[in-house]
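Dear colleague,

Below it I have set out what was found, one topic at a time.

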Amino acid sequence: MLESKRILLGVCGSIACYKAVELASLLTKAGALVDVVMTPDATRFVGPITFQSITHRKVRHDLYEHWQGDDLGHVSLAEADLAIIAPASFNTIAKLAHGFSDNLLTATLLGSTAPLLIAPTGDRHMYAHPATTANLVTLRERGITIIEPESGRLASGHEGQGRLPEPATLLGHIRLALGRNGDLAGKRVLITAAGTKEPLDPVRYIGNRSSGKMGFALAQEALDRGASVTLISGPTALKPPIGAETVWVSTAAEMADAVLAAAPQADVLIMAAAVADYRPLTMSEQKIKKGEAQLTIHLARTTDILGALAERAADMPHLLRVGFAAETENLLANAADKLHRKQLHLIVANDAATSIGSDDSSITLLDASRSETLPILPKAETAGRIIDRIVALLQGTPRGSNDNST
Ligand SMILES: Cc1cc2nc3c(=O)[nH]c(=O)nc-3n(C[C@H](O)[C@H](O)[C@H](O)COP(=O)(O)O)c2cc1C
């Protein structure tokens, strides 16, 4: 989504300038055209040459130096798809709140209509000062997005709020802002991810190999395209994308409760989680001790979430339901059967042996009218193709019933 996007990266005088270098690198690697504008004080912390080497574009820091010849200086810089100041000093924040334009960065931003993100950074008392608070209120009221500083150890050695978030987090905020008017704007998308864990005793559980990568990639893609995303995830080490409202669950029963509670408010449900079909009938209160050569565990069926939603389909006629079928045999036949039984609008069939836990996947998309097999792709790209089909279904198909269910 960042390919060929023009991003203006404003950098102020702060120890955290080094994080702006990494942000410039992440943006450039993602295909963005990054124009770095430094305040004169910022150049005392990091040299322009560092940014220039990373972005392969001219780095500017002098209002007058660039006001010559064919270079329109701050006027052309202002025509970005998005502007972000990271780190933003309290000094520059004060200037922006009051409309100053005394250096290249403030002059450029005063003349820019691009969406603006500001990441205040610095000493905790400077951040908490009533003057800073008032300036940030003013900027928020103008529709500018303020990325809250994080709490932790500050350069001063004190603990407090003032740290610039990590570059990957800043990138998440940029994606969120760029996607705001995408083709899922105004839609609420509910996505489940990762596997569930069904406890056997206080230390053991029955689980599966699902990593959550597909569900998290779908959440990022839906956010990139402007959706409001609720991500209901089983345990995983993955970090949820910035902007997703994340609900953490552990068991299939918790997953069912969370999905059934959120589904009535959603426009789209994508069930990418690997939910256990069976759980231990009872959970031993104490750790099961090693004993006989064989141990028998009785299992009970868990709630069939998509089945329960199919029964309530008439109550949620607006909800587009997308399921996943991870199979080790008869992939397409099993997926087509699930599409029909669960009254889904779309099913994603994938080979469990190669897709689960991997960074890539090879899927077939099946709906009432057609089937499409995609090549092996990174899950981020597969997610894009799945969302393309969902957007097409949202735009073209009246919902409430599915041809397959009749
Ligand atoms: C070592 C050092 C670190 C600084 N870090 C910050 C900071 O994180 N945030 C901040 O608002 N000011 C910080 N300052 C003060 C600013 O650099 C100073 O207010 C400067 O005028 C900001 O100019 P600018 O807004 O044009 O970049 C720091 C100063 C020094 C000497």
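In which loop is the place of A194? A194 sits in the loop between β8 (188–193) and β9 (198–199), and I start there because this residue is buried, with a relative accessible area of 1%. Its phi is near 70°, which is a positive value in a residue other than glycine. Please keep in mind throughout that this is a predicted model.

Confidence and overall build

The pLDDT of the chain averages 93, and 95% of the residues score at least 70. Over residues 398–406, however, the pLDDT is below 50, although this stretch has 22 contacts in the model beyond its near neighbours in sequence. Where pLDDT is low, the predicted coordinates should not be read in detail.

The chain has 406 residues, of which 49% are buried, and its secondary structure comes to 14 helices and 21 strands. Taken along the principal axes, the C-alpha atoms fill a box of roughly 75 × 55 × 35 Å. Among the contacts in the chain with a separation of 6 or more, 67% are accounted for by residues 24 or more positions apart. The chain exposes about 19400 Å², and carbon and sulfur atoms supply 51% of that area.

The domain assignment gives domain 1 (6–178) and domain 2 (183–405). The contact between them takes 5 residues from domain 1 and 6 residues from domain 2, while the C-alpha centres of domain 1 and domain 2 lie 39 Å apart.

Salt bridges

A search of the whole structure finds 16 salt bridges, and I describe some of them here. R175 forms one with D224, with the closest N and O atoms 2.5 Å apart. This pair links distant parts of the chain, since R175 belongs to helix α8 (residues 167–179) and D224 to helix α9 (residues 213–224), 49 residues apart. R175 counts as partly exposed at 22% relative accessibility, whereas D224 is buried, with a relative accessible area of 7%.

E372 and R389 form another salt bridge, in which the closest N and O atoms are 2.8 Å apart. Here too the pair links distant parts of the chain, with E372 in strand β20 (residues 371–373) and R389 in helix α14 (residues 379–396), 17 residues apart. Why does R389 count as buried? The relative accessible area of R389 is 5%, and buried means under 20%, whereas E372, at 26% relative accessibility, counts as partly exposed. Separately, salt bridges that share partners join D183, E221, R225 and D388 into one network.

The side chains of R140 and E148 also meet in a salt bridge, at 2.7 Å from N to O. Both ends are partly exposed: R140 is at 38% relative accessibility, and E148 has a relative accessible area of 39%.

A buried lysine

K19, which lies in helix α1 (residues 17–29), counts as buried because its relative accessibility is 6%. Leaving aside its neighbours within four places in sequence, K19 is in contact with R163, L164, P165, E166 and P167. K19 and F90 are 71 residues apart in sequence and 17 Å apart in space, from C-alpha to C-alpha.

Backbone details

A cis peptide bond, with omega about 0°, joins A86 and P87, and P87 is found in strand β3 (residues 82–88). Q343 has a phi near 50°, again a positive value in a residue other than glycine. Q343 is found in the loop between α12 (331–341) and β17 (346–351), and this residue is partly exposed, with a relative accessible area of 25%.

A nonpolar patch on the surface

Finally, I206, Y278, L295, I297 and L299 make a nonpolar surface patch of about 460 Å². Of these residues, L295 is found in the loop between β14 (278–280) and β15 (299–301), and L295 counts as exposed because its relative accessibility is 58%.

Definitions and conventions:
Residues are numbered from 1 along each chain as its sequence is written. This is a predicted model: local features need pLDDT of at least 70, side-chain atom pairs count only at pLDDT 80 or more; totals for chains, interfaces and linings use all residues. Side-chain values use heavy atoms; hydrogens and water are left out. Patches are made of residues with over 30% relative accessible area and no salt bridge: like charges are joined within 9 Å, nonpolar side chains (Val, Leu, Ile, Met, Phe, Trp, Tyr) within 5 Å. Accessible areas come from the Shrake-Rupley method with a 1.4 Å probe; for residues, only the protein chains shown count as cover. A salt bridge is a side-chain nitrogen of Lys or Arg within 4 Å of a carboxyl oxygen of Asp or Glu. Helices (H or I, at least four residues) and strands (E, at least two) are DSSP runs, numbered from the N terminus. Buried means under 20% relative accessible area, exposed over 50%, partly exposed in between (1.4 Å probe, protein chains only). pLDDT is the predictor's confidence in each residue, from 0 to 100. Contact means heavy atoms within 4.5 Å. Domain bounds come from an automatic or database domain assignment.
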